[in-house]
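Here is my note on the model, in numbered points. Please keep the structure open while you read.

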Amino acid sequence: MLVVLTARQEAGREQEQVETLASDAAAQLRRQLLRAQQGLQALSSHVPDVQRWQADADELLRQNRELLRIERRSAEWQIGHSVDSPFAPPLFSTLERSAIEIDAADACAAARRASSPTFSRSYFVPLAGGGGLEVMDLCMPVLNSGRDDGYQIATVSLPALLAAALTPEQARRHEASFVEGDGARLARAGMPRGLGVYRAETLLDLPGATLRLRIDSAAGPPHLIPNLATALVLG
């Protein structure tokens, strides 16, 4: 009975740790996205000065590595100028931006109606070498003297967003993923592969989009004698 009860206690404790980590990671993700949103809002004040805008956009990308690209678009949906992250290859070098901008357009239309920043659905961007990356866009409408003056769009890397939400210790013991409703993985972070024994999911509700966050522990079922204290008692 002691062995069974101890094993159950170990399993319950591990599951509780995973659920706590899922809640903490979701809160950290919200803070990261809020910081990116605030940076994009501050950037809109320098829209008339192109050189100042580009310099500030470059600095915002350096401070937020999960941001891969920032665009300035006119009210007619033309790209005026853009800046790519210095920490990653150009995002749309393999496939042109115009070929995969429908999600950004939908997000900007919703942002204009709501007069507030809005996130797009996530979408896949192919990269050189046959790989690819799951990203989402944050669109912010720009006003000039109360008139519609286009949009600012920041493209967010979902894998980089996940990686920044975990501490090095957590990343060594857990796998973090964004998944779809059917369980298909969109992006992951963490060194190990989760074993599916201790798993927790939570929803990350954002303006215009919802992400499903899954935390999967690399720990397996508890051993018959899970710790030294139980071994000593049995001995």
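**Notes on the model**

1. Arg 185 is partly exposed because its relative accessibility is 43%. The classes used are buried (under 20% relative accessible area), exposed (over 50%) and partly exposed in between, with a 1.4 Å probe and protein chains only. Glu 175, with a relative accessible area of 3%, is buried. The two form a salt bridge, with the closest N and O atoms 3.4 Å apart. Arg 185 sits in strand 8 (residues 185-189) and Glu 175 in strand 7 (residues 174-179), so far as DSSP runs define them. The pair links distant parts of the chain, 10 residues apart. A salt bridge here is a side-chain nitrogen of Lys or Arg within 4 Å of a carboxyl oxygen of Asp or Glu.

2. Basis of the model. This is a predicted model: local features need pLDDT of at least 70, side-chain atom pairs count only at pLDDT 80 or more, and totals for chains, interfaces and linings use all residues. Residues are numbered from 1 along each chain as its sequence is written, and side-chain values use heavy atoms, leaving out hydrogens and water.

3. Which other residue meets Glu 175 in a salt bridge? Arg 188 does, at 2.7 Å from N to O. Arg 188 is partly exposed, at 25% relative accessibility.

4. Overall layout. The protein chain has six helices and 10 strands. Both are DSSP runs numbered from the N terminus: helices are H or I with at least four residues, strands are E with at least two. The C-alpha trace spans about 80 × 40 × 30 Å along its principal axes. Of the 235 residues, 42% count as buried. Take the contacts (heavy atoms within 4.5 Å) between residues at least 6 apart in sequence: 55% of them join residues at least 24 apart.

5. Surface. The chain exposes about 12,100 Å², and carbon and sulfur atoms supply 52% of that. Accessible areas come from the Shrake-Rupley method with a 1.4 Å probe; for residues, only the protein chains shown count as cover. Leu 2, Val 233 and Leu 234 make a nonpolar surface patch of about 270 Å². Patch members have over 30% relative accessible area and no salt bridge; like charges are joined within 9 Å, nonpolar side chains (Val, Leu, Ile, Met, Phe, Trp, Tyr) within 5 Å. Leu 2 belongs to helix 1 (residues 2-43). Leu 2 is partly exposed, at 40% relative accessibility.

6. Charges. There are 24 positive and 28 negative side chains, and the centres of the two sets lie 3 Å apart. Lys and Arg count as positive, Asp and Glu as negative; His and the chain ends are not counted. Each charge is placed at NZ of Lys, CZ of Arg, CG of Asp or CD of Glu. The whole structure holds 19 salt bridges. One network of salt bridges links Arg 69, Glu 71, Arg 73, Asp 84, Arg 97, Glu 101 and Asp 137.

7. Arg 121 and Asp 103. Their side chains meet in a salt bridge at 2.8 Å, N to O. Arg 121 lies in the loop between strand 3 (118-119) and strand 4 (123-126), and Asp 103 in helix 3 (residues 102-114), so the pair ties together parts that are 18 residues apart in sequence. Arg 121 is exposed, with a relative accessible area of 57%. Asp 103 is buried, at 11% relative accessibility.

8. Is Ser 120 buried or exposed? Ser 120 is buried, with a relative accessible area of 3%. Ser 120 lies in the loop between strand 3 and strand 4. Leaving aside neighbours within four places in sequence, its contacts include Asp 103, Met 136, Asp 137 and Ala 209.

9. Cys 108. This residue is in helix 3 and is buried, at 1% relative accessibility. Not counting residues up to four places away, Cys 108 touches Trp 77, Cys 139, Tyr 151 and Ile 153. The C-alpha atoms of Cys 108 and Trp 77 are separated by 9.7 Å, with the residues 31 apart along the chain.

10. Gly 132. Its place is in strand 5 (residues 132-144). Gly 132 is partly exposed, at 32% relative accessibility. Among the residues it touches, beyond four places in sequence, are Phe 124 and Pro 126.
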